[in-house]
Amino acid sequence: MARLVMFCILAVVIIGSAIMCVTTKRIMRAATFLLFVLFGVAGIYFLLDYTFLGAAQISIYAGGITMMYIFAIQLVSKRTLQGLEEHVKGSRVITGALAALIGFGTVMLVFFKNQLFDRLATMTEGAEVPMEQIGQGMVGADKYGWVLPFEFISIFLLACIIGGIMIARKEDKQ
């Protein structure tokens, strides 16, 4: 029962923070709400006893990616952000809602076509993936390993940071 209560609390925090993240007009508040979403997801990992994934979520996403967003926001000149106001038109809201419904319908179609819900219902309680297998998948370099994609992403993020610094320096000279 306690796990259900904790899950409900984390779900409310995640959904509320996600909604606030996409609806706020201040970019630093959006980054803060994103941080709360990522901490909530880490809490769900800890609730499921996946401590490695919870720690990775906090250190990589909540720590690294969110800080990178904040640094990128700070690198953008204040002249660019001043006077930036968005006016939401009704047609844009309707178009966005329609696109979200089409996306949701596509996901449900794929789920039902692949009989995912039937497979989830027939899984037994003890059918867990061992932590050793998850660890080997995360650091393995074989066909289903994740080391090379992580390395490519880290090089890409480093290039983005260097590019942001170069753009910020170019604006300072002008």
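This is a predicted model: local features need pLDDT of at least 70, side-chain atom pairs count only at pLDDT 80 or more; totals for chains, interfaces and linings use all residues.
Let me start with the whole chain. There are 174 residues, and 16% of them are buried. The secondary structure is eight helices and zero strands. Read from the N terminus, the order is α-α-α-α-α-α-α-α. Now the contacts. Take those with a sequence separation of 6 or more: 51% of them join residues 24 or more positions apart.

Next, helix 1 and helix 2. Helix 1 covers residues 2-23, and helix 2 covers residues 27-47. Their axes are 8 Å apart, and the packing angle is about 160 degrees. The cut-off for roughly antiparallel is over 145 degrees, so helix 1 runs roughly antiparallel to helix 2. The crossing of these two helices is left-handed.

Who makes the contact? On the helix 1 side we have Arg 3, Met 6, Phe 7, Leu 10, Val 13, Ile 14, Ser 17, Ala 18, Met 20 and Cys 21. Helix 2 brings Ala 30, Phe 33, Leu 34, Phe 36, Val 37, Gly 40, Val 41, Gly 43, Ile 44 and Leu 47. Sort the residues of this contact by class and you get 16 nonpolar, three polar and one charged.

First on my list is Ser 17, in helix 1. Is Ser 17 buried or exposed? Ser 17 is buried, because its relative accessibility is 8%, and the cut-off for buried is under 20%. What does Ser 17 touch, beyond its neighbours within four places in sequence? The partners are Phe 33, Phe 36 and Val 37.

Then Ile 44, in helix 2. Set aside the neighbours within four places in sequence, and Ile 44 is in contact with Phe 7, Leu 10 and Ile 14. Look at the pair Ile 44 and Ile 14. They are 30 residues apart in sequence. C-alpha to C-alpha, they are 9.9 Å apart in space.

Ile 9 counts as partly exposed, because its relative accessible area is 46%. Its C-alpha atom is separated by 9.2 Å from that of Gly 40. Along the chain, Ile 9 and Gly 40 are 31 residues apart.

Helix 3 is residues 51-75. How do helix 2 and helix 3 pack? The angle is about 175 degrees, and the axes are 8 Å apart. That angle makes helix 2 roughly antiparallel to helix 3. By class, the residues of this contact divide into 19 nonpolar, five polar and no charged.

To recap. The chain is eight helices and zero strands. Helix 1 and helix 2 pack at about 160 degrees, and helix 2 and helix 3 at about 175 degrees. Ser 17 is buried, whereas Ile 9 is partly exposed.

Notes: Residues are numbered from 1 along each chain as its sequence is written. Side-chain values use heavy atoms; hydrogens and water are left out. Axes are lines fitted to C-alpha atoms, for helices over the stretch in contact, and angles run from 0 to 180 degrees between N-to-C directions. Helices (H or I, at least four residues) and strands (E, at least two) are DSSP runs, numbered from the N terminus. Angles under 35 degrees count as roughly parallel, over 145 as roughly antiparallel, 65 to 115 as roughly perpendicular and the rest as oblique. A crossing is left-handed if the near helix is turned anticlockwise from the far one by less than a right angle, and right-handed if clockwise. Contact means heavy atoms within 4.5 Å. Ala, Val, Leu, Ile, Met, Phe, Trp, Tyr, Cys and Pro count as nonpolar, Asp, Glu, Lys and Arg as charged, and the others, Gly among them, as polar. Buried means under 20% relative accessible area, exposed over 50%, partly exposed in between (1.4 Å probe, protein chains only).
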